[in-house]
Amino acid sequence: MENMLSATSDSLEQYKQLVDLVTQHASLYYVNDAPLISDAEYDQLFRQLQHIEKAHPEWTSSTSPTHRVGGTPLAAFDQVRHRQPMLSIDNAMTESDAAAFVERMAKELGIAAQDVELFEEPKYDGLSCSLKYSEGIFEEAGTRGDGETGENVTAQVRTIRNVPLTLKNKVPHFEVRGEVMIELADFELVNQQRVEEGKLAFTNTRNAAAGSLRQLDPKVTAKRKLKFFAYGFGFCGDYVLPDTQQGQLDLLVSLGFTVSPQVSLVKGAAGVQHAYESIASLRATLPFEIDGVVFKVNSLTHQNTLGWNSRTPKWAFAYKFPAELAETQVLAIDIQVGRTGALTPVARLAPVFVGGVTVSNATLHNDDEVKRLDIMVGDYVVVRRAGDVIPEIVSVNKAKRVGTETAFSMPCHCPVCGASVGKEADKASHFCLGGMACAAQRLYSLAHFTARKTLNIDGVGEGFLQKVLDAKLVTWPSDLFGLSVDVLCRLDGIGPVLANKVVAQLSATKYPELNRFIYALGIPCVGESTSKELARVYRSWSAFTATTIERLLAINDIGEITAQCIMAFLADPVRSEEAEKLAHILEPKELPMQDTAGIFTGKTFVITGTLSQDRGVFQAEIEKHGGKVSGSVSKKTNFLLAGEDAGTKLTKAKEAGVTILSEVDYRALLA
């Protein structure tokens with residue numbers, strides 16, 4: 001201990017040695033779970049470091065271990081923009097689902113299913129987070145958010161003891177992705193403390209991790225003993241990552257990150273099932289919660305060949321553990337009216353604890369589902385959380401019927417506004433025909449307009465909107481921008497702080513991205529992905545409103561029904577007038593004009609195989625010159641940009657008569 005405490009003088013060099021010493025012991029304790037000194041000895045070193053930094057604040061840097069304890073509480077979370085999207089992965093719920101994933105991968109790669117090599121990792125039950133390093137120094141942390149924009153939780157992540165503040169690798173840009181979690185033992189302690197303080201206990205570890213990371217005061221986060229488990233990389237600039245998933249995890253370990261030891265390489269569907277069953281058997285013994293097993297194609301070359309769907313990679317899937325089941329009683333079946341007017345029957349249940357949460361409602365989707373289940377009010381039903389998230393009714397225990405149960409039927413009139421209910425012959429859902437005269441449709445349309453994935457107007461949630469609707473201050477989204485602080489302060493439950501915040505937020509909502517603006521309008525059949533495609537094609541609001549159905553049908557991924565919904569919206573005098581009013585108020589951004597030479601205007605590319613640069617570089621270049629990049633070969637594909645190991649996309653392109661470009665050919669064409 002005397003040797004360890006030798007760095008006690010005010011020498012800058014000895015101070016740096018002490019920083020390194022404390023960092024080393026912190027890593028041994030928090031990352032490797034292999035401490036070489038006692039807690040008391042570590043505390044003494046830590047206090048000594050604090051003492052020197054107090055005497056010499058000019059020496060202190062952001063990478064000092066003392067900076068993990070947290071600073072002053074943050075007033076609010078800023079946003080972090082992900083340079084590479086943080087998207088989710090598809091789920092397999094059964095053995096046949098998992099086998100189907102492997103078969104599809106094999107077919108796309110042009111190899112036998114038993115030869116598909118996958119890397120297996122536990123599916124952590126926490127909160128996804130991305131850590132950015134600049135020149136080896138921890139710089140910023142962000143939650144997944146909507147995949148493109150997350151919450152800035154840098155101060156909070158800095159308190160997580162097993163997150164390295166410095167890396168030996170000093171590359172300019174390094175982005176590490178993983179899961180923030182709380183181990184079961186710490187979860188129990190946190191809940192015990194909350195109960196003693198008269199607070200509600202967290203229902204599961206995921207909620208505890210998320211709630212702890214989103215504390216405005218980093219000191220509270222520091223007390224929760226969170227851990228970060230790394231599982232991959234995001235944007236890393238020109239740095240060349242290992243060419244296998246296994247190699248990437250090995251690199252993460254060498255950089256000082258914690259990864260799960262429960263990982264392995266498997267081959268084919270049989271290997272997937274064996275690994276899944278092996279992890280499932282260990283689940284109860286692990287120190288943290290997992291809700292399944294993630295399988296990723298090991299080769300990055302094969303990952304690039306397989307590519308992505310619109311929101312998920314084709315080279316990975318999560319094989320989820322079976323959902324927990326519980327039995328409870330249906331107390332009532334109510335009707336919920338949504339933003340589009342769709343009537344959804346919802347079962348009100350006697351509260352039951354299943355899958356880590358208390359469930360009291362379960363959607364029945366539509367009348368066809370009610371009939372399929374043959375469900376009645378008063379029935380005892382088996383409930384599960386689908387994908388461990390959405391509660392759903394699996395079956396009805398008809399043996400428990402006593403004759404007092406009552407049948408359910410869809411209403412002829414909207415339970416909210418009394419308007420007639422309609423149903424198209426070829427669709428399952430019933431709809432309220434009241435439109436924006438229906439209070440429910442007004443509320444949910446406004447909530448959609450202000451939501452995080454649309455215009456992201458902070459403070460304007462359903463509670464606020466219901467107040468201004470009840471006061472008849474707002475009917476349409478454009479009415480929101482006429483609200484004043486004085487008028488809002490007259491409403492019950494809205495004080496000066498909230499009123500000023502909302503008015504400031506509304507005033508700041510100028511120049512939204514075109515895709516967010518289109519999505520916010522709530523055009524039927526136009527979701528987030530379609531809005532992005534429309535913005536990419538039309539680039540300006542005026543160009544979009546001048547479209548024709550023929551132009552819409554020429555766009556990839558837009559079918560006849562979606563095209564008709566868009567044209568009907570633009571032809572509706574009321575809705576189109578409101579949209580124009582909003583466009584005048586908000587002035588949505590026009591995307592940069594296409595290259596005037598129009599080199600790739602109207603052309604669709606597919607990129608496959610291993611190229612000299614990341615695919616994103618080529619995609620940005622193609623789009624800059626007016627082209628579009630698709631994930632799969634179709635009759636609308638004009639060019640296939642093919643690198644080494646191009647796989648089945650090359651075969652399909654040849655069969656379809658698509659022009660094949662090598663990287664040299666592509667550069668020549670561009671020139």
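This is a predicted model: local features need pLDDT of at least 70, side-chain atom pairs count only at pLDDT 80 or more; totals for chains, interfaces and linings use all residues.
Close-up 1. Look for His 365 in the loop between strand 14 (357–363) and helix 11 (367–373). As background, most residues other than glycine have a negative phi.

**Close-up 2. Glu 587, another loop residue with a positive phi.** Glu 587 isn't a glycine either, and its phi is positive, at about 50°. You'll find Glu 587 in the loop that leads from helix 21 (573–586) to strand 19 (604–608). Is Glu 587 buried, partly exposed or exposed? Its relative accessibility is 37%, so Glu 587 counts as partly exposed.

Close-up 3. Follow the strands across and you get the order 20-19-21-22, with parallel pairing. Which strands sit at the edges? They are strand 20 (628–630) and strand 22 (659–661), and each of them pairs on one side only. On average, neighbouring strands of this sheet are turned by 30° against each other, if you ignore direction. Now zoom in on strand 19 and strand 21 (residues 639–642): they pair in the parallel sense over four bridges.

Close-up 4. Helix 23 (residues 648–656) lies across strand 19, strand 21 and strand 22. Compare its direction with strand 21, and the helix runs at about 150° to that strand. Helix 24 (residues 663–670) packs on the sheet too, touching strand 19, strand 21 and strand 22. The direction of helix 24 makes about 100° with that of strand 22.

**Close-up 5. Strand 7 and its two partners.** Strand 7 (residues 174–181) is mostly covered, with eight of its eight residues buried. How many bridges join strand 4 (residues 127–134) to strand 7? There are seven, and the two strands run antiparallel. Strand 8 (residues 227–233) also runs antiparallel to strand 7, joined to it by six bridges. Gly 178 is a handy landmark here: Cys 129 stands opposite Gly 178, and in strand 8 the bridge partner of Gly 178 is Ala 230.

**Close-up 6. The largest cavity.** Search the whole structure and you find one cavity of 30 Å³ or more. The largest cavity holds about 60 Å³ of space. Its lining includes Asp 146, Lys 453, Asn 515, Tyr 519 and Lys 532. Helix 16 (514–520) and helix 17 (528–538) are the elements that give two or more residues to this lining. What classes of residue line the cavity? One is nonpolar, two are polar and seven are charged.

**Close-up 7. The second largest pocket.** This pocket has a volume of about 900 Å³. It is lined by 34 residues, and the closest to its centre are Thr 340, Gly 522, Ile 523, Pro 524 and Arg 575. Strand 18 (430–432), helix 12 (439–450), helix 20 (560–571) and helix 21 each supply at least two lining residues. Sorted by class, the lining has 19 nonpolar, seven polar and eight charged residues.

Methods:
Residues are numbered from 1 along each chain as its sequence is written. Side-chain values use heavy atoms; hydrogens and water are left out. On a 1 Å grid over the protein atoms alone, a cavity is a set of points where a 1.4 Å probe fits but cannot get out, and a pocket is an open set with protein on both sides within 12 Å along at least five of seven lines; lining residues have an atom within 4 Å of a point. Grid points are joined across faces, edges and corners, and a volume is the space filled by probe spheres set on the points. Ala, Val, Leu, Ile, Met, Phe, Trp, Tyr, Cys and Pro count as nonpolar, Asp, Glu, Lys and Arg as charged, and the others, Gly among them, as polar. Buried means under 20% relative accessible area, exposed over 50%, partly exposed in between (1.4 Å probe, protein chains only). Two strands pair if DSSP finds at least two bridges between them. Axes are lines fitted to C-alpha atoms, for helices over the stretch in contact, and angles run from 0 to 180 degrees between N-to-C directions. Contact means heavy atoms within 4.5 Å.
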